[in-house]
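Got your viewer open and ready? Let's take a walk through this one together, one selection at a time.

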Amino acid sequence: MENKEVLLNWLEGNLTDDQVEREIGSEEFQLYKKIIDASAKWESPKRKSTHREEFLTKMQSVKKRKANTSVLLKYAAIFLIGISSVLVFFANQNIITSVGNTEIVTIFDGSTIKLAPNSSLSYNSVLYFFNRKVTLEGNALFNVIPGNSFTVNSPNGEVSVLGTSFNIIDREDYFNVVCFTGKVAVKANKQEVILKSLEGFENLSNKKSKFNDVSKDSSNNSYLYLNQVPLPMVIKELSNYYNVEFNTDAVSLEGTFNGLFINDNIELALKNVLYPFNFDFEWQKDNFVVIIPRQ
Amino acid sequence: MNLCEEAFYVKIYDRYSEDLYKFLLYKYQDSQNAEDITQNIFLKIWENCKEYHLKNFKSLLFTMGNREALNQIKKQQTRDQYDPLVNFSYKPETPEFIIEEKEFDLKLQSALQKLKPDQRVVFLLHRVEKKKYKQIAEELEISVKTVEKRIHDALLFLRSEIVELKKY
């Protein structure tokens, strides 16, 4: 056996002193024997019992601190969620115009929206601060203050701009956007079109079109420029604006209308729309108009 | 068997804290530090009880304790390396040899201070805690061969130190 093995076996108690002495010699044995005996007498150091108490106290304070912070966090989270949902809920703005009435909506950033009759506009004034998003159904003229992207969602499309004036008509399946100043991006029919000043888009022909015969103040209050809007839509728009009903049995409403849509004078408005199609009109009651072929 | 359960965790402390304390004490020879680190490690685990498991708990303790001890040593390098902070009490058996034995014991304990920490831990776990090679190997997650080598090296070193001291 090697010395190493002898010593290790001896330490573990597998060899007696005599065996070891024979193996490694008396002198070496005496030397190691002293080391081994002395170290065997060393007592394992005792820890103070106060250390245990100390630890248990610390454990308690950690537990309390943990409980406190978790409760605090819970309340803070509930509070924040509550506050923000209340804010968002009460910040919902919904503007609806009835037939015959228009409304001008001014948002806090200065953007104005002229809502045509029988239309609705909604936005959340808290969320608007971050995303400038509004939702439209019907017809409206927008004048957007330059800034971050401004987006109008409507059933048939999405229009986004940086700052410009433009008009949207979105009724039933019909969607028409006219840009007066600046640039607008229109998303509809799964495509995106960029409209520059004096360009329009509508979703029936699915085409962009240009118009020149309109001045920039066509976005003023008394008239609106319509660009290639189908005649039935224009008639519907007239009935929305002036709260009248039409009988169109005597004519066939085909074709599209390009031109001014007058907001404040029904006689002028009717003439403007109907004469180019060679139609005329007769009043039956205060609010009932029959459209007839022109003589 | 949830570490987050208070009564259970106290039991775990009672069962394992002594081992961690001894390990740190024998390795780094500083009783106050060994106690502080032991309590810190157990508090750290208690604080984040959800992140720990009982599996391999002892080796987790030793790893964390060792890391913390090394960090502290790095911070306070001013401490004299051989300042004896652990003293084993001396119990003489035969009165005739008291003086001689005591002298030898002091020599041996000062030689012990000079041992490499890893060798000292294993040596003292064997000599003082009366653990078998196999037990030590399991506890420190090292092989029995390594334990044997460290104890043998420790023994050779202590022997040579004693012989060296005898010359003077």
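In what order do the elements of chain B run from the N terminus on? Colour chain B and trace along: the elements go α-α-α-α-α-α-α. In this predicted model, chain B has seven helices and zero strands.

**Stop 1: chain B as a whole**

Keep chain B selected. Of its 168 residues, 27% are buried. Now think about contacts in chain B with a separation of 6 or more: 66% of them come from residues 24 or more positions apart.

Is M64(B) buried, exposed or in between? M64(B) is partly exposed, because it has 18 other C-beta atoms within 10 Å, and a residue needs 20 or more to be called buried.

**Stop 2: where the chains touch**

Next, show both chains. How many residues does each chain bring to the contact? Chain B gives 32 residues and chain A gives 26 residues. On the chain B side, the elements that supply two or more residues are α1 (6-28), α2 (31-47), α4 (98-114), α5 (117-127) and α7 (144-166). If you colour that side of chain B by class, you'll get 17 nonpolar, five polar and 10 charged residues.

**Stop 3: a helix pair across the two chains**

Zoom in on helix α4 (residues 50-90) of chain A together with α2(B). Their axes are 10 Å apart, and the helices pack at an angle of about 30 degrees. That angle makes α4(A) roughly parallel to α2(B), since angles under 35 degrees count that way. The two cross in a right-handed sense.

Now show side chains. From α4(A), pick H51(A), F55(A), K58(A), M59(A), V62(A) and K66(A); they meet E35(B), Q39(B), F42(B), L43(B), W46(B) and E47(B) of α2(B). This contact splits into six nonpolar, two polar and four charged residues.

**Stop 4**

Hop over to helix α1 (residues 3-11) and helix α2 (residues 17-24) of chain A. Their axes come within 10 Å of each other and cross at roughly 165 degrees. So α1(A) is roughly antiparallel to α2(A), and the crossing is left-handed. Select N3(A), V6(A) and W10(A) from α1(A), plus V20(A), E23(A) and I24(A) from α2(A), to see who makes the contact. The tally by class is four nonpolar, one polar and one charged.

**Stop 5: helix α6 of chain A**

Last, select residues 231-242 of chain A. This is α6(A), with 12 residues, and from its first C-alpha to its last the helix reaches 16 Å, close to the 16 Å expected at 1.5 Å a residue. Which residues of α6(A) are buried? They are L231(A), M233(A), V234(A), I235(A), E237(A), L238(A), N240(A) and Y241(A). Step just past the end of α6(A) to N243(A), which has a positive phi of about 55 degrees.

Now bring in helix α7 (residues 266-274) of chain A. The axes of α6(A) and α7(A) lie 11 Å apart, at an angle of about 180 degrees, so the two helices are roughly antiparallel. V234(A), L238(A) and Y242(A) of α6(A) make the contact with I266(A), A269(A), L270(A) and V273(A) of α7(A). By class, that contact has seven nonpolar residues, no polar and no charged.

Notes
Residues numbered from 1 in each chain as written. Chains lettered and ligands numbered in written order. Predicted model: local features only at pLDDT ≥ 70, side-chain atom pairs only at ≥ 80, totals over all residues. Contact = placed C-beta atoms within 7 Å. Helix = DSSP H or I, 4+ residues; strand = E, 2+ residues; numbered from the N terminus. Nonpolar A, V, L, I, M, F, W, Y, C, P; charged D, E, K, R; others polar. Expected span 1.5 Å × (residues − 1). Buried ≥ 20, exposed ≤ 12 C-beta atoms within 10 Å, placed from the backbone. Axes fitted to C-alpha atoms, helices over the stretch in contact; angles between N-to-C directions. Parallel < 35°, antiparallel > 145°, perpendicular 65-115°, else oblique. Left-handed = near helix turned anticlockwise from the far one by under 90°.
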